[in-house]
Amino acid sequence: MRSDFNPVQNSMLRRHARAFVLLLVAVVVLNACAARTVDIEGTYPSPNIPPLPLTLGVYYSEALQNFVYTERSDAGKDEYLVNSGSSHMELFNTVLPAMFQQVVVLDDPAMANERGVDAVFIPNIDEFQLGMPQKTRLDSYEVWIKYNMRMTAPDGDYIADWVMTAYGKTGQETFGSAEGGINDAAVAALRDLASNFSISFTSVPDVRDWLQPRLQ
């Protein structure tokens with residue numbers, strides 16, 4: 001009787017099977033360790049205020065456009081990547097046209113004179129902090145953002161440079177996932193920014209001094 005047993009082939013099959021199992025384990029482990037991405041999405045109200053009779057240029061730096069905050073575990077591993085750059089641009093693209101007679105988005109601040117704007121507004125994020133319930137022992141998700149707001153003349157000369165902060169909080173019980181809690185806390189912070197920015201803009205001392213002769 002002929003036997004199909006081949007020691008060499010059998011050994012190769014065992015090695016391939018072992019390698020396949022190790023590969024599957026590696027994929028499972030990597031997926032379990034991979035940071036989860038949260039793309040912030042929300043809507044922002046347009047302020048109901050009289051627009052200033054000025055043309056404002058706004059420049060969104062690459063740092064703002066591509067802003068991503070990384071939340072790390074106590075062991076230093078990436079847990080969440082909070083991508084909020086596009087939400088910041090959406091917010092300012094909603095708020096600024098209500099505050100100024102005309103708004104021009106600039107690809108480069110050096111184009112300001114060519115585009116005939118009265119001033120250039122450049123928002124940037126200095127700090128972003130995320131409070132997770134499992135770390136803060138609070139029953140909520142919290143987001144705190146510190147901004148640097150800058151205005152320049154069309155030729156680049158200084159007009160104003162000031163700091164603003166925004167805070168958002170949402171209850172943990174509202175959401176079935178951490179991603180939902182992070183998103184809504186971030187959207188609440190952005191709405192807080194929209195409200196404070198539109199109300200306080202003309203009270204910033206250097207902005208007020210620059211505006212005064214232009215509004216007479």
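β1 and strand β4 (residues 78-83) run parallel to each other, paired over four bridges; two strands count as paired if DSSP finds at least two bridges between them. T37 has L81 in β4 as its bridge partner. This is a predicted model, where local features need pLDDT of at least 70, side-chain atom pairs count only at pLDDT 80 or more, and totals for chains, interfaces and linings use all residues. Numbering starts from 1 along each chain as its sequence is written, and side-chain values use heavy atoms, with hydrogens and water left out.

The open sheet has three strands in the order β1-β4-β3, with mixed pairing. Here are its edge strands, each pairing on one side only:

| Edge strand | Residues |
|---|---|
| β1 | 36-39 |
| β3 | 68-72 |

Strands (E, at least two residues) and helices (H or I, at least four) are DSSP runs, numbered from the N terminus.

Now for α6 (residues 178-200), which holds N183. N183 is buried at 12% relative accessible area, buried meaning under 20% with a 1.4 Å probe and protein chains only. Leaving aside neighbours within four places in sequence, N183 contacts V38, D39, I40 and E41, a contact being heavy atoms within 4.5 Å.

What about the largest nonpolar core? A nonpolar core is a set of buried Ala, Val, Leu, Ile, Met, Phe, Trp, Tyr and Cys residues joined through side-chain atoms within 4.5 Å. The largest has 53 residues, of which F121, M151, W162, F197 and F201 touch the most other members. α6 gives the most to this core, with 10 residues.

How values were computed:
Buried means under 20% relative accessible area, exposed over 50%, partly exposed in between (1.4 Å probe, protein chains only).
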